[in-house]
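The following exercises concern a structure to be read alongside its sequence. Each task is followed by a solution in steps.

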Amino acid sequence: MPTLKELAKRPERLTPGHRLCAGCGAPIAVRLILAAADKPVVAANATGCLEVSTTIFPYTAWNIPWIHSAFENAAATIAGVESMYRAKRRRGEIDEEIYFVAFGGDGGTYDIGLQALSGALERGHRFLYVCYNNEAYMNTGIQRSSATPLGAWTTTSPVGRVLPGKTQWRKNLTEIVAAHGIPYVAQSVASNWRDLVNKAEKAFHTDGPSFINVLASCNRGWRHEPSETLKVMQLAVECCIWPLYEVENGVYRLTYKPKEKKPVEEWLRVQGRFRHLLAPENRHLVEAFQRYVDEEWEKLLKRCGEA
Amino acid sequence: MKVMQERVSMGLNGNAAAAHAMRQINPHVVAAYPITPQTDCVERFAEFVSEGLVDTEFVTVESEHSALSACIGAAASGGRVMTATSSQGLALMWEMLYIAASMRLPIVMMVVNRALSGNINIHCDHSDTMGARDAGWIQLFSENAQEVYDNMIQAVRIAEDMRVRLPVMVTQDGFIISHAVERVELLGDEEVKTFVGPYKALYSLLDLQHPVTYGPLDLFDYYFEHKRSQIEAIDNCLPVIEEVGKEFGKLSGRFYGLLEEYRLADAEYAVVVLGSTCGTAKEAVDRLRDRGKKVGLLKIRCFRPFPKEQIIRALAPLKGVAVLDRSVTFGGFGGPVFTEIRSALYDVSPRPLIIDFYYGLGGRDIYVEDIEKAFARIEDVVRVGWVDKHIDYLGLRE
Ligand SMILES: Cc1ncc(C[n+]2csc(CCOP(=O)(O)OP(=O)(O)O)c2C)c(N)n1
Ligand code: SF4
Ligand SMILES: [Mg+2]
């Protein structure tokens, strides 16, 4: 695993000058992941904030070969790229070793792109799929996705007289991916560079499909100051709302255990999208949120042999 | 070790003819998903892969949307790419069709024409490919299994020509061609290999020294100019399609143009048809000629780009034209072939009278007698001197 100094010397694959918002979690995750690649990388990108903000014609912020075609198909697209690479290797038309990575938002991964992802994982292409998870459709103006947590305000789960924001719990995509039995699956966060780089390195070295679900805050949608990004993301980990773990060849391992598990309310409190939950009449929702988190955390601890 | 096959004549259906062409072309990547009536083609190709007769990376995707998405990724990575589909599969690809063409990727796709749902129907009509006619793909229609085979091989050359670099659809009528066994002459493996030549990569994602960005956000300041250049690109393909058709003719003895004129030179009336119905129409023309009628057929092989000049030249001298459309445009003014032919002839003076017939939807059979009826009608229209009914049906129970 490279040191921070060594990482800083690696070539910038996503260069400055892109138009993602100040304080956006996505480019932090992407730059760390790409810095972890010790060989050339080719990337595919699903439609979403990362894609539209990095390639406004005639400019591109990508220093590596990069392709975007549509929203739901980053996994299928990179599968095509990787298949061409295999075909060319077989015919002796190319000899470099290349890594392949696909980036999709939570919308492009949990929802509309789930089928293409599942197909590509099952077929066993050698590629890393990264879901940069900001827990809603941000590019289209903050609509709920199946990654949006319970109670969150979004423009399609607005807080009204009858409904208190999103009424469903989020789905557990990392477990769904792990159920494919692929060699490497991990959950990480853009605020912990060591954890993320370590996992990305493992993923790139995996001979087969690998997957990382990275929590990456969107301050526009989560409603916090751009300067608070790292803090807010890290709080999700400390509250065990977003546990850091990996599943390597079926073996679960917790990669970070908070010294003291903080109540979820601490995380809810720092984001405007949960403000309404702090009202006394919504107390039961905060409690339900805490229960969900506790249950999932316990299950995970068991899987990781920590309980 | 692979044995190079010499020229042979075989009994093949359209799907098998396409699969053999794909085997001989030996593309780098094929990504496809099964659907009736195309399945047979994909299965046969899977056998070629399994027997080691091709070096192709065969990607057994989980949907047609992913099939074309994978083809796009693969084609942007600097190699030869093919796929095949039909009906609902093509409909599911719709979003990606435009993207493949806009990225100027020379993908070749075999489409077995089948009706679109609903209701679900597995038989032939042209609503699937006609629905995709504005997506920016070149579209070549085939009359029989031999033409399917020949078109597949030519399609590779057309798509990859440096003056073109666009995706090509080769179509064949569901069941009528795809499942009917005919005698098909295959070129030798080596001949096909030489004819298609090695793939010339442009802007490959695997060219690490020259990193490229495919599919950026293209706003009001550039998008329009990009569309303009795409319009020119597809319009400029016509001479290349003709050139390749001639060169293929020299090799095989089977020459191809954009259109085929059948007994049209001295004709007064013609039908305009695409696909397998051309065979039926030729029979009708022969029978009517035997009865002294001056009739002929204009077969459209290349529907996209639309060979407007050639069509005007072929049809302008006629008194009357009956267009046969195997797909409908709901709420429109006639089928897609009719509207374009009629529009192309607008500036001709004197102008032939033109009528349209919807026929064969959902696999409804079309008979020689139906086409004779179409000729009788256009003759009547010309006698009266004006069109009282622009759009009618053939083979429909009223
Ligand atoms: C087929 C299709 N449906 C809808 C859209 C509109 N759309 C573009 S991006 C997007 C949301 C992206 O959300 P996510 O994947 O979470 O990425 P983010 O923008 O949050 O980073 C939507 C709904 C589209 N481009 N294509
Ligand atoms: S809207 Fe959110 S996700 Fe999109 S660029 Fe801005 S901060 Fe990042
Ligand atoms: Mg999102």
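A polar contact is a pair of N or O atoms within 3.5 Å; within protein, one of them must be able to donate a hydrogen and the other to accept it, and residues adjacent in sequence count only if both atoms are side-chain atoms. The model is predicted, so local features need pLDDT of at least 70 and side-chain atom pairs count only at pLDDT 80 or more, whereas totals for chains, interfaces and linings use all residues. Residues are numbered from 1 along each chain as its sequence is written, chains are lettered from A and ligands numbered from 1 in the order in which they are written, and side-chain values use heavy atoms, with hydrogens and water left out.

**Exercise 1. Identify the shell of ligand 2 and classify its residues.**

Step 1. The residues that surround ligand 2 are Leu20(A), Cys21(A), Cys24(A), Cys49(A), Asn134(A), Met138(A), Cys218(A), Asn219(A) and Arg220(A).

Step 2. Apply the classes: Ala, Val, Leu, Ile, Met, Phe, Trp, Tyr, Cys and Pro count as nonpolar, Asp, Glu, Lys and Arg as charged, and the others, Gly among them, as polar. The shell then divides into 6 nonpolar, 2 polar and 1 charged.

**Exercise 2. Characterise the interface of chains A and B.**

Step 1. Count the residues in contact (heavy atoms within 4.5 Å). Chain A contributes 42 residues and chain B 44 residues.

Step 2. Consider buried area, the accessible area (1.4 Å probe) that two parts lose on being put together, summed over both. The two chains bury about 3,300 Å² between them, with 62% of it on carbon and sulfur atoms. Of the area that chain A buries against chain B, 21% is supplied by Phe57(A), Met84(A) and Arg91(A), more than by any other three residues.

Step 3. Count the polar links. Between the chains, 17 residue pairs are in polar contact, both residues being at pLDDT 80 or more.

Step 4. Helix H3 (49-54), strand S2 (66-68), helix H4 (74-90) and helix H6 (114-123) of chain A each supply at least two residues of the side that touches chain B. The largest share, 11 residues, comes from H4(A). By class, this side of chain A has 21 nonpolar, 12 polar and 9 charged residues.

Step 5. Find the salt bridges (a side-chain nitrogen of Lys or Arg within 4 Å of a carboxyl oxygen of Asp or Glu). The count between chain A and chain B is 2; one of them joins the side chains of Arg90(A) and Glu57(B) at 2.4 Å, N to O.

**Exercise 3. Which peptide bond from Phe57(A) is cis, and where does its proline lie?**

Step 1. The bond from Phe57(A) to Pro58(A) is cis, with omega near 10 degrees.

Step 2. Pro58(A) is placed in the loop between H3 and S2 of chain A.

How values were computed: Helices (H or I, at least four residues) and strands (E, at least two) are DSSP runs, numbered from the N terminus. A residue is near a molecule or strand if one of its heavy atoms lies within 4 Å of it.
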